[in-house]
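Hello,

Here is the structure I promised to pass on to you. Please have a look at it first, and then read my notes below.

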Amino acid sequence: GDLTFDIMRRNVSKIITVTDEQLVDEMKFFGERMKMIVEPTGCLGLAGLRKLVSSGEIEKGANCGVIISGGNVDLERYCK
């Protein structure tokens, strides 16, 4: 809404986009390596960070934090 857009306009300096394939890759990473079930939108932070690292905008090995959220997953589809 209007309130959220105004906050973003004042505080967000960059927006990063990722593909559906990148989100699925991160879901697999969380499931296989971290033993966590995370919905696709909850993987956006890590997918965006990996994109910035692969492009060289963030140095590989740099200390970074990522917020992981969301467990709204259809387990039947998730297991496929």
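**Salt bridges and helices**

Asp6 and Arg9 sit 3 residues apart, about one turn of the helix, and both belong to helix H1 (residues 2-11). Helices here are DSSP runs of H or I with at least four residues, while strands are runs of E with at least two, and the numbering starts at the N terminus. Before going on, a word on the source: this is a predicted model, in which local features need pLDDT of at least 70 and side-chain atom pairs count only at pLDDT 80 or more, whereas totals for chains, interfaces and linings use all residues. Residues are numbered from 1 along each chain as its sequence is written, and side-chain values use heavy atoms, with hydrogens and water left out.

The structure holds 4 salt bridges (a side-chain nitrogen of Lys or Arg within 4 Å of a carboxyl oxygen of Asp or Glu). One of them links Asp6 to Arg9, with 3.3 Å between the closest N and O atoms. Asp6 also meets Arg10 in a salt bridge, at 3.3 Å from N to O, and this pair lies in helix H1 too, 4 residues apart, about one turn of the helix. As for accessibility (buried is under 20% relative accessible area, exposed over 50%, partly exposed in between, with a 1.4 Å probe and protein chains only), Asp6 is partly exposed at 28%. Arg9 is exposed at 55%, and Arg10 is exposed at 56%.

Which residue forms a salt bridge with Glu26? That is Arg50, with the closest N and O atoms 3.0 Å apart. Arg50 lies in helix H3 and Glu26 in helix H2, so this pair ties together parts that are 24 residues apart in sequence. Arg50 is partly exposed, with a relative accessible area of 38%, whereas Glu26 is buried at 6%.

The 12 residues of H3 should span 16 Å at 1.5 Å a residue, and the end C-alpha atoms are 16 Å apart, which agrees (the expected span is 1.5 Å times one less than the number of residues). Leu46, Ala47, Gly48, Leu49 and Leu52 are buried in this helix. The buried residues of H3 pack against helix H2 (20-34), where contact means heavy atoms within 4.5 Å. Just after H3, Gly56 has a positive phi of about 90°.

**The aromatic pair**

How many aromatic pairs does a search of the whole structure find? It finds 1. The rings of Phe29 and Phe30 have centres 5.6 Å apart and planes at 65°, so the pair is edge-to-face. For such pairs, the ring centres of Phe, Tyr or Trp (its six-membered ring) lie within 6.5 Å; planes under 30 degrees apart count as stacked, over 60 as edge-to-face and the rest as tilted. Phe29 is partly exposed, at 21% relative accessible area, and Phe30 is buried, at 3%.

**A nonpolar patch**

Met34, Met36, Val66 and Ile68 make a nonpolar surface patch of about 300 Å². Patches take residues with over 30% relative accessible area and no salt bridge, joining like charges within 9 Å and nonpolar side chains (Val, Leu, Ile, Met, Phe, Trp, Tyr) within 5 Å. Accessible areas come from the Shrake-Rupley method with a 1.4 Å probe, and for residues only the protein chains shown count as cover. Ile68 is found in the loop between helix H3 (44-55) and helix H4 (75-78), and Ile68 is partly exposed at 37%.

Best wishes
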